[in-house]
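Hi everyone, thanks for making time for this. Please bring up the sequence and the model, and we'll walk through them together.

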Amino acid sequence: MSGPTEVLVIIAVVALVVVRQFRTERLSMDRKWWLLPVALGFFALRDGKLADPHHMTGSVILLVVELLVSVGIGIGWAFTTRLWADDRGDVWTKGTVATAGTWAGGLVARAAVVGIGLAMGVHLGSAAFMLGFAVSLLARSGVLMWRAGALEPAYVGAVPQPAWEDHR
């Protein structure tokens, strides 16, 4: 993927994820939750431009820091997302104000990693950001699936009649 195309893909995916995260949505409990992160990771790794060839050690260290920050961001997103099961057992999600704060904190953390890299003269390209975003999505989705597995339906069975009501 070329540089401008990569940037457009990243912007489109981030916009899609942000919109979906802050609207009430049924959580897909099938095994496809990992497809988007894996596809992003594939495209990030495919170009082989994750590390700055002029500063290999520094760029690898920054990439590892970026990936660790990304895991933390994904876990933060998952634990700040409201999660509930309806009476049929379907699991629903919706981002909260804390989720928005996690997004903002994640942007600041990623900007800090890029800033440290620039101060060291190390360039992390868009492929590193794309891989980090894929790791964040994978961590978020994995934690949401784990949390969803522990949920009970809101109510199961017929609606009980109050004891004081006359049964005809």
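This is a predicted model: local features need pLDDT of at least 70, side-chain atom pairs count only at pLDDT 80 or more; totals for chains, interfaces and linings use all residues.

Residues are numbered from 1 along each chain as its sequence is written, and side-chain values use heavy atoms, with hydrogens and water left out.

Let's start with the strands. Helices (H or I, at least four residues) and strands (E, at least two) are DSSP runs, numbered from the N terminus. Strand β2, residues 82-85, runs antiparallel to β3 and is joined to it by four bridges. On its part, β1 pairs with β3 in the antiparallel sense over two bridges; we say two strands pair if DSSP finds at least two bridges between them. Now find Thr-93 in β3: Thr-93 is the bridge partner of Glu-25, and Thr-93 is also the bridge partner of Leu-83. Between β2 and β3 the hairpin has five residues, and Gly-89 there takes a positive phi near 95°.

By buried I mean under 20% relative accessible area, with exposed being over 50% and partly exposed in between (1.4 Å probe, protein chains only).

Next, charges. Side chains of opposite charge can pair when their charged atoms come close. A salt bridge here is a side-chain nitrogen of Lys or Arg within 4 Å of a carboxyl oxygen of Asp or Glu. How many salt bridges does a search of the whole structure find? It finds three. Arg-110 forms one with Glu-66, with the closest N and O atoms 2.9 Å apart. Arg-110 lies in helix α4 and Glu-66 in helix α3, so this pair ties together parts that are 44 residues apart in sequence. Arg-110 counts as buried at 8% relative accessibility, and Glu-66 counts as buried at 4%. Another salt bridge joins Arg-88 and Asp-90, at 2.7 Å between the closest N and O atoms. Here Arg-88 is exposed, at 65%, while Asp-90 counts as buried, at 19%.

Now for the inside. A nonpolar core is a set of buried Ala, Val, Leu, Ile, Met, Phe, Trp, Tyr and Cys residues joined through side-chain atoms within 4.5 Å. The largest one has 21 residues, and those touching the most other members include Leu-50 and Trp-77. Helix α5 gives the largest share of this core, seven residues. Apart from it lies another core, of eight residues, including Leu-27 and Val-91.

Helix α3 also holds Ala-78, which is buried at 0%. Beyond its neighbours within four places in sequence, Ala-78 is in contact (heavy atoms within 4.5 Å) with Arg-140, Val-143, Leu-144 and Arg-147.

Finally, look at Trp-34, in the loop between β1 and α2. Trp-34 is partly exposed, at 36% relative accessible area.
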